[in-house]
Each structure stands twice: as C-alpha cells, then as structure tokens.
Amino acid sequence: MSGKADPRAGEGTTSRTRLDRGRGALGPALELVHTGRAPTRAVLTAELGVTRATAGAVAAELEALGLIRVDARPGAAAGSQGRPSHRLSVAEDGPVALAAQIHADGFRAALVGLGGRIVATAPGCEVVDADPAKVLGSVVEAGAELLRQTGRRCVGAGLAVPSAVAEPEGLALNPLHLAWPAGAPVREIFAQQVRAAGIGGPAFAANDVNLAALAEHRHGAGRGARDLLCVATGHRGVGGALVLDGRLHTGSSGLALEVGHLAVNPEGRPCHCGSRGCLDVETDPLAFLTAAGREPGPEVSLLQQSYDLIREQYADPAVRTATETLIDRLGRGLAGLVNILNPDRIILGGLHRALLDADPERLRAVVAGRSLWGQSGGVPILPCGLDHNSLVGAAELAWQPVLDDPLGVPA
C-alpha cells in the first residue's frame, strides 16, 4: 500500500471489505480524477458503478497514496440533488513524471503531475547534437536537477521525439531533422540515461505528435472525442495521430498515421520519403516562409518566425497569399484523411493551429468541399488546447503504469 499511515487502521471489517471490493476500481478511479471526469465523489460513484461507501473507500485510499485530495466542503455537480458531494482533485504536491521533448531546434525537460499539470520546466536548449546519447544525457540531467530542486517523487520518465518510433524495440526510424542515425535505439538510450541519473521508475519513448494527441484527448481540445484526429507541424515536418476509444492507434509496429507523407501538391517539392509534394514539405514552417518570400533567419526557430509573420504582417499580400496557399494544401490533406478515417473531431497544432486561427472558414470549406462528410454536416476542426502537449503526452507514458495500478506508485 502507501508509505503513509494506513487510514483504515482501527476501522471495522465492513470498511476493510468495502476497500477490498473497490481495490480493482483504484486505477479507473484515478484515471477519472486525472482526466477531470470525476470532480466529485458522487460523480465517481456513478462512473464506477459502485456504492457510495465503496467509492468513498477508494477515494480515501488514493488520497492515502498521495495521489488525490478529497475535500469535504460542498461540491455538488450541476443538476445533482441531495447532499453536496465531496470534491476530488489531483494532489498538487504529489508525485511527478519526468517529461522530455526533442525537436529540430532544441530540447526541453519538465516535471508533470497528475491532471497534466506542468510543475516545473528546465530552460530549453537550442543545440541538438548528432549523437542521441549526448542529447538524451543532457535532457535527463536537466530533469534530474528539477527533481533535486523540487524534492518530488518520480514515477518514471517519458520522451517525445520527432520521428516514427518502431515497436517493440523503440527505434527512431526517421529522425530526419535531427541528424541522428536512422534506427537509433532512443528508448534504450533514454532508459540508460534515466537509470544513470538515479531516477526511479520505467522509461518510455514515442513520436511527439502521437503524444500530443494523447495529451489533448485526456486534458485538452480532444477531451470527449471518440475518434480523434490530430495533425500538427512543429519546428520542421508534419505529423499526425489518431486516438480511438481513448487509446492511440499506432498500427502493427508503431508506425501508423505518418500523415506527413500524404501528397497534396503533385508538382511540389521533393520529400525525404522519395515522393513529391507531401504535407511534410508543403505545409511546415519552412514551406510557409518560402511561400511568403522570406529568408529564414538564425535568431529564432522557423516555427516562431512563422508565428510572428502571421501575427504581425498578415496584411502583407505576400504573407496572406502564403497563408491561403498552405491552408488549401492542408485542407486537401485533411479531406483525404477524413474520407479514410471518419473522425468525430480534428485538432490542429503548431503552425497548422495558426493557419486555422488566421482563416478558419477557408480551411473548413476546403475540407468540406473535398470530403464526403461535407455534404451531410461536418466534423469540428479545432486548435489544440495545450501549450506543451508533447511534453504532457510524454508524461502520460510514465503515468500510465500508475493509472493501471496505483498501488505501485513509489513510496
């Protein structure tokens, strides 16, 4: 059980029996609080389908484990009747996961608690070495320093990388914008660095857009969607992810939804994959700056330069035309995905989010005009809601074993 004093000490057989019956509900209960779907004990009781007494015992045990807080002050759910229920929330001073993200313009480490809360972040680095071990060693050390400074318990570590990650080996197959060797064993290297830094818990690695989609589904703009499609362009390239019934669809070996290699401009630029005119090279920040006639500068990332251009110079005809051009290309790609996947929600991140914000009607019209659903309604197209969704998603990897078995949380 937990390292704290057992809250059941001195209780009778009936209370112990209730907890024993509810022990299998600990994981589902924690996930409900973690994702914000059980703000009160009454809602938790209804969602779990157990008695109020059992739900109370489950909540008390999760609190004893240092994972949630139970507040006896009135917190009735909207529309509820009877006595106000106890409020439930994640423990703000509880354990954390170490999250790390690598991208073309640097890397960052953070500590993320339950509920997708970023507790602390380390200053980002803008240089990515060609040796994965050096980069991952640096980002893990930054995370270890955050743990030392905060004194938090750590449940494990998760890594987001801009590459397809093959399962079960955890190989980064195409880290094109990092100058890393194809097939680099990033999960193994990351796990070694985590152990060497004295950080407990398991270590995981996955594609950054997959993790962004997972985070958005649990804590952001994708919450409540059954079939969620996420498409995003970050610092370079384009990625996609699909969440089906609450779980990432990664295919037979982790390589599903490589949407960056959908052709949207047959006469377009050559792509790294060997094709031409793919989303990856037609709708990323470099493509936008080129279309706007701007020479990329070294001062800030290509992504930030693109943001600044849309925000500050959208009235410039060249910038507006470039924006509309990329919107049309993105819309063609999304329409093809909609025809194949039939999602109930689409969320866009990175530069694609900025394109949506700039002219949402144009993007929705392009998608509707080129997909079957356009004749019968539509699918919502929304901006991602989390500022650091890949980091939060990386933490979700480390939190998942705790969500599966809260009794395994480190003391």
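Contact here means heavy atoms within 4.5 Å. The model is predicted, so local features need pLDDT of at least 70 and side-chain atom pairs count only at pLDDT 80 or more, while totals for chains, interfaces and linings use all residues. Residues are numbered from 1 along each chain as its sequence is written, and side-chain values use heavy atoms, with hydrogens and water left out.

View 1. Helices (H or I, at least four residues) and strands (E, at least two) are DSSP runs, numbered from the N terminus. In helix H6 (residues 186-196), Val 186, Arg 187, Ile 189, Phe 190, Ala 191 and Val 194 are buried, that is, under 20% relative accessible area (1.4 Å probe, protein chains only). These buried residues pack against helix H5 (132-150) and against strands E3 (96-103), E6 (154-161), E7 (165-166), E8 (171-172) and E9 (203-207).

**View 2. Helices H3 and H4.** H3 (residues 41-48) packs on H4 (residues 52-64) at an angle of about 110°, with the axes 9 Å apart. Axes are lines fitted to C-alpha atoms over the stretch in contact, and angles run from 0 to 180 degrees between N-to-C directions. H3 is therefore roughly perpendicular to H4, a term for angles of 65 to 115 degrees. From H3, Arg 41, Leu 44 and Thr 45 meet Arg 52, Ala 55, Gly 56 and Ala 59 of H4.

**View 3. Helices H11 and H12.** H11 (residues 317-341) and H12 (residues 351-358) pack at about 110°, their axes 10 Å apart. Thr 323, Leu 326, Ile 327 and Leu 330 of H11 make the contact with Leu 351, His 352, Leu 355 and Ala 358 of H12.

Note on methods. Buried means under 20% relative accessible area, exposed over 50%, partly exposed in between (1.4 Å probe, protein chains only). Angles under 35 degrees count as roughly parallel, over 145 as roughly antiparallel, 65 to 115 as roughly perpendicular and the rest as oblique.
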